[in-house]
Amino acid sequence: MLNENIKRVKSSEIEFKDRLVSIQRVTKVTKGGRTFSFSAIVVVGNENGVVGHGLGKAKEVTSAIAKGIDDAKKNLVKVPVLKGTIPHETTGKYSGAYVFIKPAAPGTGVIAGGAMRAVMESVGIKDVLAKSKGSSNPHSVVKATINALTNLRDPYSIAQLRGVDLNTVFNG
């Protein structure tokens with residue numbers, strides 16, 4: 001899937017806040033008994049339009065989370081945020097998870113479920129309406145949400161492309 005809207009970001013010059021989306025205890029059964037390990041899904045963002053997600057696996061919870069944060073910093077994308085919300089409605093899909101995201105009026109808050117909420121807050125979106133359909137698997141929901149956010153088009157670039165005033169494109 002090649003999308004021209006996806007803008008990759010370097011992690012070196014930005015301060016991030018990380019959010020743990022979910023953590024699973026995974027069991028591997030061998031002839032010597034059960035071996036436990038942990039997998040952690042983490043979302044990082046600067047709360048100003050940059051977000052990334054990562055998966056970390058390790059024998060201990062803390063090192064799994066640390067690996068997830070490192071992985072998330074390698075998968076950063078830029079998302080257009082306008083006045084605390086998104087510019088327009090969008091949908092996203094990953095595997096069996098479908099998400100629908102709609103802009104909301106100021107003061108609405110983040111109306112979204114667990115995995116989607118973590119992504120929205122990490123991006124810096126304050127007012128949004130979101131619905132997750134299909135699979136509720138946190139891996140798929142996070143990836144579908146980021147897919148939906150990367151499908152957003154920046155109103156400034158659209159206004160420039162059409163050669164009209166910004167207020168004509170986005171009445172806000």
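**Entry 1: a serine to start with**

I began with Ser 140, which turned out to be buried, with a relative accessible area of 7%. I counted this residue as buried because the cut-off is under 20% relative accessible area. A reminder to myself: this is a predicted model. Next I looked up where Ser 140 sits, and found this residue in helix α3. Who surrounds Ser 140? Leaving aside neighbours within four places in sequence, I found Ser 140 in contact with Tyr 94, Ser 95, Ala 97 and Ser 135.

**Entry 2: the helix and the open sheet**

In what order do the four strands of the open sheet come? I read the order as β5-β6-β8-β7, with mixed pairing. β5 (90–94) and β7 (110–111) stand at the edges with a single partner strand each, so one side of each has no neighbour in the sheet.

I then took a look at one pair, β6 and β8. They pair in the antiparallel sense over seven bridges. Within β8, Ala 130 is the residue that stands opposite Ile 101. Helix α2 also packs on the sheet, where it touches β6, β7 and β8, and its direction makes about 145° with that of β8.

**Entry 3: the nonpolar cores**

Ile 101 came up again when I checked the cores. The largest nonpolar core has 25 residues, and Ile 101, Met 116, Val 119, Met 120 and Leu 149 are those with the most contacts inside it. Which elements give two or more residues to this core? I noted β6 (97–103), α2 (114–123), β8 (128–134) and α3 (138–150). The largest share, six residues, comes from α3.

Leaving aside neighbours within four places in sequence, Val 119 is in contact with Val 43, Val 51, Val 142, Thr 145, Ile 146 and Leu 149. There is also a second, separate core of 10 residues, with Ala 58, Ala 64, Ile 69 and Leu 76 among them.

**Entry 4: a hairpin**

Last, I turned to β1 and β2. How many residues lie between these strands in their hairpin? I found two. Strand β1 covers residues 17–30 and strand β2 covers residues 33–45, and they pair in the antiparallel sense over 13 bridges. As one example to find on screen, I noted that Ser 22 has Ile 41 in β2 as its bridge partner.

Methods
Residues are numbered from 1 along each chain as its sequence is written. This is a predicted model: local features need pLDDT of at least 70, side-chain atom pairs count only at pLDDT 80 or more; totals for chains, interfaces and linings use all residues. Side-chain values use heavy atoms; hydrogens and water are left out. A nonpolar core is a set of buried Ala, Val, Leu, Ile, Met, Phe, Trp, Tyr and Cys residues joined through side-chain atoms within 4.5 Å. Buried means under 20% relative accessible area, exposed over 50%, partly exposed in between (1.4 Å probe, protein chains only). Contact means heavy atoms within 4.5 Å. Two strands pair if DSSP finds at least two bridges between them. Axes are lines fitted to C-alpha atoms, for helices over the stretch in contact, and angles run from 0 to 180 degrees between N-to-C directions.
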